[in-house]
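Q: I am new to this structure and would like a close look at a single part of it. Could you walk me through that part slowly, and then show me what surrounds it?

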Protein chains: 2
Amino acid sequence: MTRSEENYLKIIFHLGGSDSTPITTNAIAEQMETKPSSVTDMAKKLAEKNLVKYKRYQGVSLTEQGTKTALSIIRKHRLWEVFLVKKLDFSWDEVHEVAEQLEHIKSEKLIDKIDELLEFPKFDPHGDPIPSKDGKFMVRDKQLLSEMSIGSKGVCVGVKDSSAPFLKFLDKNKIALGHTIQVLEIEDFDHSLRIAMEGRELRISHQIASNLYVKKNE
Amino acid sequence: MTRSEENYLKIIFHLGGSDSTPITTNAIAEQMETKPSSVTDMAKKLAEKNLVKYKRYQGVSLTEQGTKTALSIIRKHRLWEVFLVKKLDFSWDEVHEVAEQLEHIKSEKLIDKIDELLEFPKFDPHGDPIPSKDGKFMVRDKQLLSEMSIGSKGVCVGVKDSSAPFLKFLDKNKIALGHTIQVLEIEDFDHSLRIAMEGRELRISHQIASNLYVKKNE
DNA sequence: ATTAAAATTTAGACAAATCTAAAAATAGGT
DNA sequence: ACCTATTTTTAGATTTGTCTAAATTTTAAT
């Protein structure tokens, strides 16, 4: 399994899809920052190895084996992210790039020991679930802050956009996972929100709200 | 800097050499487990980048920049080895292979933080010195156990051969770094040694003794 | 100094992963 | 159903790191 193959599988997994709604060549090319023709080549190669199903002009979907492989890479990525934050004091906006490299290290013992050292975390620093060794992961009952109704309360549990600029913005505004949130008001004009968070009150644009996941109180 | 280039530099460094006694193509090929013709190609490439000096048929030697790069990779390798042993309970015979992968991770912050987490170790699990960020490392006044005279005492501080079989042998015989050693007797016939170590007495072949480094008392 | 053996380099090929440009297939609008 | 725009694939080229086989240079022995 080459690094490139692993990256393709990971991205195909993240793009979702299924046997009935396969992922398009173009979508993969865009995520991989490569050309569609390169994707076609790789699709053939992965199909050859039984990691994806591929029909000319019809796109790609992961096989069971492909899904398993993708999940193991995602598991490694997210565990390394937790490691970097918890053990090496990285901030959550710095971890992705390094984890992209670390996720390709081949050693089952290594990642199991990292898991153990971290006491088997279930979520990464951005609130995304960490698959277990056998590919299972928690699906949290969460919703976007932008979809909550006035008055409802919840706990901030994840980000949809985990780009550095967004994460830095959240840091600057002291918005962090685990914080409680209550929607006080939603502006009709621009859909911005007034929220209460950990005692403070702040105003948040719709764009921000639609990238923050909240777990509602029962 | 590609992974392959890094591996070549590391191996050239380990082979020693200098401007006056450059490393031969064959020696590098053997260490890299590749063919001499491939080494020639890479030598040209590294010379192009000013990482080695290379004259046709005369072998290669590291430039200052090449040495610096090699040391930074060796630093990473050895720090990761310490990490694996101290933080993840790997045994000293398991770390090399994984460190070979981890040493290529590109993040200055990562390795500095690992260094800090480990409290700036000066030696790796095999007793080899860890270069500092600026490429300096301790040179310990050590000698091979096989070169010690009868009666002399010392502390076991390193291994010359760090292959898994040798290290496992040492484990099995409870020979570890930090243990005190006194040479009791040297057999004329096969140069095997009778030694006292941590209260016990044991017999050691010449081959073992010539792969164990000892630091003499005063 | 010559010559055979060993080491090294060159030339040409290959696999992996990518690209560009052109061709083929599909999808959407009428 | 047809035509056009878009998507996707093919064909052929490129780069990196490797290889084999042949040619060249060095070395060491006489």
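A: Let's begin with a term. A residue counts as buried when its relative accessible area is under 20%, and as exposed when that area is over 50%. Please keep in mind that this is a predicted model.

With that cut-off in hand, take Ser152(B), which sits in the loop that links β3 (143-144) to β4 (153-159) of chain B. Is Ser152(B) buried or exposed? Its relative accessibility is 15%, so Ser152(B) counts as buried. Which residues does Ser152(B) touch, once its neighbours within four places in sequence are set aside? They are Ile181(B), Gln182(B) and Val183(B).

From here we can turn to the strands of the other protein chain. In chain A, six strands form an open sheet in the order β3-β8-β4-β5-β6-β7, with antiparallel pairing. The edges are taken by β3 (143-144) and β7 (200-204) of chain A; each has a single partner strand, so one side of each has no neighbour in the sheet. Strands of a sheet pair through backbone hydrogen bonds. One pairing to look at joins β4 (153-159) and β8 (212-216) of chain A, which run antiparallel and share five bridges. Within this part of the sheet, Gly158(A) stands opposite Tyr213(A) of β8(A).

Next comes a helix where the two protein chains come together. Helix α5 of chain B covers residues 95-102, and its buried residues are Val95(B), Val98(B), Ala99(B), Gln101(B) and Leu102(B). Why do they lie on the same side of α5(B)? The reason is that they cover an arc of only 155° around the axis. These buried residues pack against α5 (95-102) and α6 (108-117) of chain A, and also against α1 (3-14) and α4 (64-88) of chain B.

Now for the DNA, starting with strand D. Among the 20 residues around DNA strand D, the nearest are Lys44(A), Tyr54(A), Thr34(B), Ser38(B) and Lys45(B). The polar side-chain atom of Thr25(A) lies 2.9 Å from one, and that of Arg56(A) lies 3.1 Å from one. Two or more residues of the surface near DNA strand D come from each of α2 (25-32) and α3 (36-48) of chain A, and α1 and α3 (36-48) of chain B. By type, this surface has five nonpolar, ten polar and five charged residues.

Of the 20 residues around DNA strand C, Thr34(A), Ser38(A), Lys45(A), Lys44(B) and Tyr54(B) come nearest. A side-chain N or O atom of Tyr54(B) is 2.5 Å from a phosphate oxygen of DNA strand C. For Thr40(B) the corresponding distance is 2.7 Å, and for Tyr8(A) it is 3.5 Å. At least two residues of the surface near DNA strand C are supplied by each of α1 (3-14) and α3 of chain A, and α2 (25-32) and α3 of chain B. That surface divides into five nonpolar, ten polar and five charged residues.

Definitions and conventions:
Residues are numbered from 1 along each chain as its sequence is written. Chains are lettered from A and ligands numbered from 1 in the order in which they are written. This is a predicted model: local features need pLDDT of at least 70, side-chain atom pairs count only at pLDDT 80 or more; totals for chains, interfaces and linings use all residues. Side-chain values use heavy atoms; hydrogens and water are left out. Buried means under 20% relative accessible area, exposed over 50%, partly exposed in between (1.4 Å probe, protein chains only). Helices (H or I, at least four residues) and strands (E, at least two) are DSSP runs, numbered from the N terminus. The arc is that of the directions from the helix axis to the C-beta atoms. Contact means heavy atoms within 4.5 Å. A residue is near a molecule or strand if one of its heavy atoms lies within 4 Å of it. A polar contact is a pair of N or O atoms within 3.5 Å; within protein, one must be able to donate a hydrogen and the other to accept it, and residues adjacent in sequence count only if both atoms are side-chain atoms. Ala, Val, Leu, Ile, Met, Phe, Trp, Tyr, Cys and Pro count as nonpolar, Asp, Glu, Lys and Arg as charged, and the others, Gly among them, as polar. Two strands pair if DSSP finds at least two bridges between them.
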